[in-house]
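Visitor: I have a structure to walk through with you. Shall we take it in short questions and answers?

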Amino acid sequence: MAEIATPYERIGGEDGVRTLCETFYQIMCDTPQTQLIRDLHPEDIEISEEKLYLFLTGWLGGPPLYTDLYGHPRLRARHMPFPIGIEERDQWLYCMAQALKKLSLDNLFAEQLMSSFVQTADFMRNREEQPA
């Protein structure tokens with residue numbers, strides 16, 4: 001009986017996650033429409049990119065690199081200093097969707113990943129939105 005591959009293995013292991021993170025931040029830095037979330041990051045994006053890589057590695061079923069270095073991710077608590085509303089969430093999701101497309105993943109797998117990213121990104125919202 002064949003073992004079921006983890007999302008980490010399916011995305012390409014270390015190389016796949018690194019490529020995803022590099023592409024994600026490249027898109028964020030190069031896309032004028034995502035300047036709002038780019039401005040929430042330090043000028044030198046390298047530390048943010050590395051932390052995303054460490055986190056996603058474990059989140060996808062790979063080695064628990066982030067927790068080994070920093071402890072429990074406490075995502076919502078760690079993001080509280082940054083105002084995250086619908087627009088910030090959507091800009092982050094745009095960058096991730098575009099980065100996933102560059103990986104040439106199986107469509108169903110990419111959709112499953114995006115669904116999980118949508119839930120997580122929505123959970124990060126911490127700013128009251130004014131009704132339109």
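This is a predicted model: local features need pLDDT of at least 70, side-chain atom pairs count only at pLDDT 80 or more; totals for chains, interfaces and linings use all residues.

Visitor: Which residues of helix 4 are buried?

Guide: Buried here means under 20% relative accessible area. In helix 4 that label goes to S48, L52, Y53, L54, F55, L56 and T57.

Visitor: What span should helix 4 have at 1.5 Å a residue, and how far apart are its end C-alpha atoms?

Guide: Helix 4 has 14 residues. At 1.5 Å a residue they should span 20 Å. The end C-alpha atoms agree with that, lying 20 Å apart.

Visitor: Which residue just after helix 4 takes a positive phi?

Guide: The phi in question is about 100°. The residue that takes it, just after helix 4, is G61.

**The whole chain**

Visitor: How many helices and strands does the protein have?

Guide: Along the sequence the pattern reads α-α-α-α-α-α-α-α. The secondary structure therefore comes to 8 helices and 0 strands.

Visitor: What radius of gyration does the protein have, against the globule rule?

Guide: For 132 residues the globule rule gives 14 Å. The protein comes close to that, so it is as compact as a globular protein of that length. Its radius of gyration is 15 Å.

Visitor: What does the C-alpha trace span along its principal axes?

Guide: The span is taken along the principal axes of the protein. For the C-alpha trace it is about 55 × 30 × 30 Å.

Visitor: What share of contacts joins residues at least 24 apart?

Guide: Take contacts between residues at least 6 apart in sequence. Among these, the share joining residues at least 24 apart is 70%.

Visitor: What percentage of the residues is buried, and what share of the accessible surface belongs to carbon and sulfur atoms?

Guide: Buried residues make up 36% of the 132 in the protein. The accessible surface is about 8200 Å². Carbon and sulfur atoms hold 53% of that surface.

Visitor: How far apart are the mean positions of the positive and negative charges?

Guide: The protein has 12 positive and 21 negative charges. Their mean positions are separated by 5 Å.

Visitor: How far does helix 7 reach from its first C-alpha to its last?

Guide: Helix 7 covers residues 86-102, which is 17 residues. At 1.5 Å a residue, 24 Å is expected. The reach is close to that, at 25 Å.

Visitor: Which helices do the buried residues of helix 7 pack against?

Guide: The buried residues are E88, R89, Q91, L93, C95, M96, A99 and L100. They pack against helix 2 (13-30), helix 3 (35-38), helix 4 (46-59) and helix 8 (107-123).

Visitor: Is Q91 buried or exposed?

Guide: Q91 lies in helix 7. Its relative accessible area is 8%. The cut-off for buried is under 20%. So Q91 is buried.

Visitor: Is S104 buried or exposed?

Guide: S104 sits in the loop between helix 7 and helix 8. Its phi is positive, about 55°, although it is not a glycine. Its relative accessible area is 65%, and exposed means over 50%. So S104 is exposed.

Visitor: What relative accessible area does R74 have?

Guide: R74 is in the loop between helix 5 and helix 6. Its phi is positive, about 40°, although it is not a glycine. R74 is partly exposed, with a relative accessible area of 46%.

Visitor: How far apart in space are G71 and T31?

Guide: G71 is also found in the loop between helix 5 and helix 6. G71 and T31 are 40 residues apart in sequence. C-alpha to C-alpha, they are separated by 32 Å.

Visitor: Which residues does C29 touch, not counting those up to four places away in sequence?

Guide: C29 is in helix 2. At 30% relative accessibility, C29 counts as partly exposed. The residues it touches are R38 and I45.

Conventions. Residues are numbered from 1 along each chain as its sequence is written. Side-chain values use heavy atoms; hydrogens and water are left out. Helices (H or I, at least four residues) and strands (E, at least two) are DSSP runs, numbered from the N terminus. The expected span of a helix is 1.5 Å times one less than its number of residues. Buried means under 20% relative accessible area, exposed over 50%, partly exposed in between (1.4 Å probe, protein chains only). Contact means heavy atoms within 4.5 Å. The radius of gyration is taken over C-alpha atoms; the globule rule is 2.2 Å times the number of residues to the power 0.38. Accessible areas come from the Shrake-Rupley method with a 1.4 Å probe; for residues, only the protein chains shown count as cover. Lys and Arg count as positive and Asp and Glu as negative; His and the chain ends are not counted. The place of a charge is taken as NZ of Lys, CZ of Arg, CG of Asp or CD of Glu.
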